[in-house]
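I opened this model to look up a helix, the sheet beside it and a few loop positions. My entries follow in the order of looking.

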Amino acid sequence: MSDLSVFFAQNAVTNTIEEVVISERFKDRDGAPVPWHLRSMTEEENEAVRKAVTKRVKGKGGSYTTEVDQNEYIAKLAVNSVVFPDLKNAELQQSYGVLGAEALLRKMLLPGEYANLLQKVQELNGFDKDMNELVDEVKN
């Protein structure tokens with residue numbers, strides 16, 4: 001029987017932070033690319049993000065269903081995972097002529113850089129394994 005204490009809150013690794021170069025275009029004074037700081041989120045934070053992008057949609061017969069806007073979900077997931085640069089900084093947003101952290105990300109990054117960021121955020125938050133990999137892990 002395993003020691004249950006390994007699952008106690010004080011023993012869990014939380015807020016994993018990784019430094020990742022998302023774009024080679026942002027350089028420091030020495031010309032080296034500046035890494036972004038990305039953090040993992042809790043499921044509680046993820047639920048709040050998902051709830052913020054869930055809409056009620058009127059269906060057939062007047063019934064309502066809920067629908068998650070996947071593009072906004074992933075953008076908000078990224079914003080909530082980025083620690084540095086501070087995407088909520090008004091001066092940074094103003095420099096790109098946008099309001100809002102999601103709009104800032106879309107304006108400041110090239111499509112490939114944005115895709116790279118989203119991939120890193122998903123990996124950091126545990127979305128990097130497909131179901132077949134998880135099934136194989138459970139079997140072993």
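**Helix α5 and its surroundings**

I began with the packing of α5: its buried residues pack against β1, β2, α2 (70–81), β5 and α4 (101–108). Buried here means under 20% relative accessible area, exposed over 50%, and partly exposed in between (1.4 Å probe, protein chains only). Helices (H or I, at least four residues) and strands (E, at least two) are DSSP runs, numbered from the N terminus. I note that this is a predicted model, in which local features need pLDDT of at least 70 and side-chain atom pairs count only at pLDDT 80 or more, while totals for chains, interfaces and linings use all residues. Residues are numbered from 1 along each chain as its sequence is written, and side-chain values use heavy atoms, with hydrogens and water left out.

I listed the buried residues of α5 as Glu113, Tyr114, Leu117, Leu118, Val121 and Leu124. They lie on the same side of α5, because they cover an arc of only 140 degrees around the axis; the arc is that of the directions from the helix axis to the C-beta atoms. An α-helix has 3.6 residues a turn, so residues three or four places apart point the same way. On the face turned away from the buried side of α5 I found the exposed residues Pro111 and Gly112.

For length, α5 has 14 residues and reaches 20 Å from its first C-alpha to its last, close to the 20 Å expected at 1.5 Å a residue. The expected span is 1.5 Å times one less than the number of residues. Just after α5, Gly126 takes a positive phi of about 85 degrees.

**The sheet**

In which order do the three strands of the open sheet run? I read β1-β2-β5, with antiparallel pairing; two strands pair if DSSP finds at least two bridges between them. β1 (17–20) and β5 (82–84) are the edge strands, each pairing on one side only. Neighbouring strands of this sheet are turned by 35 degrees against each other on average, direction ignored. Axes are lines fitted to C-alpha atoms, for helices over the stretch in contact, and angles run from 0 to 180 degrees between N-to-C directions. Helix α5 (residues 111–124) packs on the sheet and touches β1, β2 and β5, its direction making about 35 degrees with that of β2.

Leu38 has Val82 in β5 as its bridge partner. Not counting residues up to four places away in sequence, Leu38 touches several residues, among them Ile17, Val20, Ile22, Leu117, Val121 and Leu124; contact means heavy atoms within 4.5 Å.

**The core**

I then checked the largest nonpolar core, which has 26 residues. Such a core is a set of buried Ala, Val, Leu, Ile, Met, Phe, Trp, Tyr and Cys residues joined through side-chain atoms within 4.5 Å. Leu38 and Leu117 are among the residues that touch the most other members. α2 gives the largest share, six residues.

**Loop positions**

Is Ser40 buried or exposed? Ser40, in the loop between β2 (36–39) and α1 (43–52), is buried, with a relative accessible area of 11%. Beyond its neighbours within four places in sequence, Ser40 is in contact with Asn15, Thr16, Leu124 and Asn125.

Gly100 sits in the loop between α3 (90–96) and α4 and is partly exposed, at 24% relative accessible area.

Last, I looked at Pro85 in the loop between β5 and α3. A cis peptide bond joins Phe84 and Pro85, with omega about 5 degrees.
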